[in-house]
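Biologist: I am new to this one. Show me the model, and then I will ask how you know what you say about it.

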Amino acid sequence: MLYQPIPMGEIWADGMIAVPKKIATNYLKFTSEYQLKALLIILSKNAGVTEAEIAKALGCTQEDAKEFLEFWVEEGILSCDGEVVQKQQSVPEKKEEKKPKKESVPVPRLSPRDIVCICRENRELTQCLRHSQEVLGKTLSHVEQELIVNMVTYYGLPCDVVLTILQFYKKEKESGKAIGTAYISAMAKDWSEQGIVTLADADEKLKALESSNRLWKEIVAISGIRHRSPTVKQREMIERWAEDFGIEMISIACDIMKENTDKPNLKYVDGVLKNWKKKGIFTPADVANEEKAHNDKKQGGSSDIDETYDIDEINRRAIMNDDFDI
């Protein structure tokens, strides 16, 4: 089928604007909806437009609007305060793909121009961004574009694994979870370090996440902590608990925490469970036997008491350890 503009009609009543042909031929594949909208708004005006006006028209933040406009300035299509930037022809240095970076190297910050340049050199990444938009059911923001590009080029995750993470992200958001892009970035880092690079690995990991979600709900109920989604480190912590202890033992540890703290504190529970593991205490019967031995020694006047858990030591570690602040 052939689609053509209607030469006469109501659509032309307010006049026409000139749009450079290169916008349609060179940029449609790589630019976001908001970048294109910002450019169309400026082309439709006879005078200059500020980022504040663009932000109001698009319903975005002024900072985002400035990023949309700076992209076109750097491309040599718009001027800013009368100044024209000469477009650089050199190809940006390619980022090494599919290779996890060391933790000490910061995650790259990418401008809209950076993302366009990277996509020009990576057709697979361009397709990944398009499919990501389909998965999320909306136009990708700059932050989301930056996240997805880094998941592929920085963390080295294949596109199908990235889409799997985004499906999880959307599902969690739709269920009312307070989950943001920072969590997804940490999740990508974790998967990269664990070598999760196939769909089969991703499916197994998601099953483990569902299991830890159920465990988290139980811990929320028995510990009294405020209900929220676990952080990546908190999730690692409770998964470690589940490897050694059943929910009954975790519940006993939570009861001990409640008896010895003013407010719910999972760091304290973690300290109790670590101490039990060190002493080989894995069942409620083991806890009862250790308590009985402790009471017998106390009644016998022994000063060499091997307690089931060292309250002072656990409190000290809970204060010093801020990985699981709750």
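**Pocket and helix packing**

Modeller: This is a predicted model. Its largest pocket is lined by 14 residues. Val49, Leu69, Ser79, Cys80 and Asp81 lie nearest the pocket's centre.

Biologist: What makes a residue part of the lining of a pocket?

Modeller: A lining residue has an atom within 4 Å of a pocket point. For the largest pocket, 14 residues line it. Helix 4, residues 62-74, gives the most, with four residues. The volume of the largest pocket is about 390 Å³.

Biologist: Which classes of residue make up the lining of the largest pocket?

Modeller: Seven are nonpolar, three are polar and four are charged.

Biologist: Helix 8 and helix 9 pack at about 140°. Why is helix 8 called oblique to helix 9?

Modeller: Roughly antiparallel needs an angle over 145 degrees. The angle here is about 140°, so helix 8 counts as oblique to helix 9. Helix 8 spans residues 159-174, helix 9 spans residues 181-193, and their axes are 11 Å apart. This crossing is right-handed.

Biologist: What meets what between helix 8 and helix 9?

Modeller: Val161, Ile165, Phe168 and Tyr169 of helix 8 meet Thr181, Tyr183, Ile184, Met187, Ala188 and Trp191 of helix 9. Nine residues of that contact are nonpolar, one is polar and none is charged.

Biologist: Why are helix 5 and helix 6 oblique to each other?

Modeller: Their axes cross at roughly 120°. Roughly perpendicular ends at 115 degrees, and roughly antiparallel needs over 145. Helix 5 and helix 6 are therefore oblique. The axes come within 6 Å, and helix 5 covers residues 112-120.

Biologist: Which residues make that contact?

Modeller: Ile115, Ile118 and Cys119 come from helix 5, and Arg123, Leu125, Thr126 and Leu129 from helix 6. The contact of helix 5 with helix 6 has five nonpolar, one polar and one charged.

Definitions and conventions
Residues numbered from 1 in each chain as written. Predicted model: local features only at pLDDT ≥ 70, side-chain atom pairs only at ≥ 80, totals over all residues. Heavy atoms only, no water. 1 Å grid on protein atoms, 1.4 Å probe; cavity = no way out; pocket = protein on both sides within 12 Å on 5 of 7 lines; lining within 4 Å. Points joined across faces, edges and corners; volume = space filled by probe spheres on them. Helix = DSSP H or I, 4+ residues; strand = E, 2+ residues; numbered from the N terminus. Nonpolar A, V, L, I, M, F, W, Y, C, P; charged D, E, K, R; others polar. Axes fitted to C-alpha atoms, helices over the stretch in contact; angles between N-to-C directions. Parallel < 35°, antiparallel > 145°, perpendicular 65-115°, else oblique. Left-handed = near helix turned anticlockwise from the far one by under 90°. Contact = heavy atoms within 4.5 Å.
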